[in-house]
Amino acid sequence: MQKKGSKLHLVTVVGDFHKDLTLVQMLKHYDSWVDQKTVVHYIVGDKLPAEIAQESLEFSEYLAKNGVADKITIHTVTGKKYDWNKVTEFYNSVTCNPLNNPEDWWIISDCDEFQVWRDEPKNVVEEAEKLNCTFITGGFLDRIGENGTFPEIKGPEDDLDKLFPLVGFFRYPLSKACPNKVVAVKSGQKVCSGQHYAVFPDGTNSWGSKD
């Protein structure tokens with residue numbers, strides 16, 4: 001059982017590029033696992049306040065239109081495109097907010113990540129608590145279409161399991177992209193760029209090196 005009053009949250013940082021591709025399916029994927037969802041809407045580019053406000057409004061309307069606006073808090077932020085360090089800052093600003101319940105846990109997921117756990121996440125969090133752990137790790141597996149194709153995602157109504165039925169480990173062999181992932185943290189636990197490792201107060205991380 002979770003500690004009394006504690007919650008399991010989802011936090012995701014979403015840019016406009018993935019919004020129409022996987023965001024709706026991703027939020028539905030986690031809906032039954034978490035008590036609350038925090039969506040950081042990342043607006044890219046140098047835009048006027050009125051433009052930012054309009055995009056923020058349209059984003060909220062998009063979630064409502066697609067039936068995924070329940071239990072969601074939206075934060076609108078701005079920054080440069082492909083600034084992974086900034087994205088990680090946004091994750092840490094949410095999970096390490098001093099106003100958080102220190103007993104809460106946060107599933108960290110980009111909007112194109114669909115985590116699979118060996119048990120209900122709340123049960124795994126309970127095990128982590130018993131071990132005095134403040135983070136839980138996993139690894140990436142890649143999805144691809146039949147015959148090695150990359151099917152087009154046309155919108156939030158697409159069934160991604162049908163579009164990408166094949167699962168394999170080719171991210172690292174092809175591009176040396178780090179396959180490690182911090183999938184959940186307790187309030188106050190930071191992660192490093194890319195959310196690959198947990199960061200400790202002495203500057204080391206769960207890989208063992210300096211951040």
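Two strands count as paired when DSSP finds at least two bridges between them, and helices (H or I, at least four residues) and strands (E, at least two) are themselves DSSP runs, numbered from the N terminus. On that basis, glycine 15 has tyrosine 42 of E2 as its bridge partner. The model is predicted, so local features need pLDDT of at least 70 and side-chain atom pairs count only at pLDDT 80 or more, while totals for chains, interfaces and linings use all residues. Residues are numbered from 1 along each chain as its sequence is written, and side-chain values use heavy atoms, with hydrogens and water left out.

**Strand E1 and its partners**

- Strand E1 (residues 8-15) is mostly covered, seven of its eight residues being buried, where buried means under 20% relative accessible area, exposed over 50% and partly exposed in between (1.4 Å probe, protein chains only).
- E1 pairs in the parallel sense with strand E2 (residues 36-44) over seven bridges, and four bridges join E1 to E4, again running parallel.
- On the E4 side, leucine 8 has tryptophan 105 as its bridge partner.
- A right-handed β-α-β unit is made by E1, helix H1 (residues 16-30) and E2; right-handed here means that, with the strands pointing away from the viewer, the path from the first strand over the helix to the second runs clockwise.

**Aromatic pairs**

- Rings of Phe, Tyr and Trp (its six-membered ring) pair if their centres lie within 6.5 Å, with planes under 30 degrees apart counted as stacked, over 60 as edge-to-face and the rest as tilted; by this rule there are six aromatic pairs.
- The pair of tyrosine 30 and tryptophan 33 is edge-to-face, because the ring centres are 5.6 Å apart and the planes stand at 75 degrees.
- Tryptophan 33 also forms an edge-to-face pair with tryptophan 117, at 6.4 Å centre to centre and 65 degrees between the planes.
- Since tryptophan 33 lies in the loop between H1 and E2 and tryptophan 117 in the loop between E4 and H4, this pair ties together parts that are 84 residues apart in sequence.

**Glutamine 115**

- Glutamine 115, found in the loop between strand E4 (105-108) and helix H4 (121-130), is buried, with a relative accessible area of 8%.
- Its side chain makes a polar contact with the side chain of tryptophan 117 at 2.8 Å; a polar contact is a pair of N or O atoms within 3.5 Å, and within protein one must be able to donate a hydrogen and the other to accept it, while residues adjacent in sequence count only if both atoms are side-chain atoms.
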